[in-house]
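Please have the viewer open.

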Amino acid sequence: MNRWAHAPGMDAPPLATQGLTKIYGRRRTVHNVNLHVPQGALYALLGPNGAGKTTTLRCLLGLTRPTSGTCLVLGQDVRRPEARRQVAGMIDAPAFYPNLTPAENLRVVAELRGVPFRQALDTLGTVDLRGAAHRPARTFSLGMKQRLGIALALVGDPAILILDEPQNGLDPQGMLDMRTLLKDLQRRGHTVVVSSHLLGEVQQFADHVGIMRQSELVLQDTFQAFAGRAATHLELETPDGVTARQVLDRAGISAQVQGDRLLLPSTQDQAGVARLLLDAGLTWTRLAPSGTSLDRLYFDLTGDAA
């Protein structure tokens, strides 16, 4: 059973914005953003630097007041105390006292949030820092500091975690550790929102995606559907292409022969094709969308040619 099942608004989406707009002076950083984060999602908010990602997340955490529009946490305005208790995050660099140990930092946060210290200390196990509980935080690597920041955000067991570019600047091992942690947080029942400009990295863990460009949300979908937009066809490689084509023809599925591959329409249901092949006793080495690269699609959406 979800341990947040009795929290106010649990029948509403964990996070949503309605017409979210933020203007600083004459500069519009977020414009009419309507974000919708499903329950239990690992949601990646993508976009180039300056697209408005961090401002959007700050508004969702109640750290920045919108010029107009609404930020909702479990159906309630984020400015309400009961809503604020259900969401926590890490914006920019993790915030902690560098001369204190993780355990001492957690004691400070636990007292501020009215959480028993022993309960707060459990978050170190979640982020795999239990063995470093009594080392000064200033001695930590960047990856360890990021994980300590997440441990502090977890104090009080919020339903929703918002993390602003938690993999930025990490080495390959640090990125792998962070990816593993994000998936683990999702498995534990948290709804997790991560901002990033690293498409190649987030596609390895995110199941939902929003893409921002010049202060606006230009796409929002499941990651699978987003990847499907890049496909121009479904590509099938099988040792018995002749029989496979006959099976597909009988099912009314057109297949174009290209070398040792069969190209099916991109709108064709991949799972349905797999069932047809299996029922016919056929095997395959590849059955996957193919066409325009995901990078190319992302660049087209964001105008970011970097």
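## Largest pocket

The largest pocket has a volume of about 810 Å³. A pocket here is an open set of points on a 1 Å grid over the protein atoms alone, where a 1.4 Å probe fits, with protein on both sides within 12 Å along at least five of seven lines. The volume is the space filled by probe spheres set on the points. Lining residues have an atom within 4 Å of a point. There are 31 of them, and Ala88, Gly89, Arg113, Leu152 and Ala153 are the closest to the centre.

H3 gives the largest share of the lining, five residues. By class, the lining has 21 nonpolar, five polar and five charged residues; Gly counts as polar.

This is a predicted model: local features need pLDDT of at least 70, and side-chain atom pairs pLDDT 80 or more, while totals for chains, interfaces and linings use all residues. Numbering runs from 1 along each chain, and side-chain values use heavy atoms, without hydrogens or water.

## Domains

The domain assignment gives domain 1 (15-228) and domain 2 (232-290). Their C-alpha centres lie 41 Å apart.

## Aromatic contacts

Two aromatic pairs are counted (ring centres within 6.5 Å; planes under 30 degrees apart are stacked, over 60 edge-to-face, the rest tilted). Phe223 and Phe226 are edge-to-face because their planes stand at 85°, with centres 5.5 Å apart. Tyr298 and Phe299 form a tilted pair, at 5.9 Å and 50°. Tyr298 and Phe299 are both buried (under 20% relative accessible area, 1.4 Å probe, protein chains only).

Conventions: Helices (H or I, at least four residues) and strands (E, at least two) are DSSP runs, numbered from the N terminus. Domain bounds come from an automatic or database domain assignment. Rings of Phe, Tyr and Trp (its six-membered ring) pair if their centres lie within 6.5 Å; planes under 30 degrees apart count as stacked, over 60 as edge-to-face and the rest as tilted. Buried means under 20% relative accessible area, exposed over 50%, partly exposed in between (1.4 Å probe, protein chains only).
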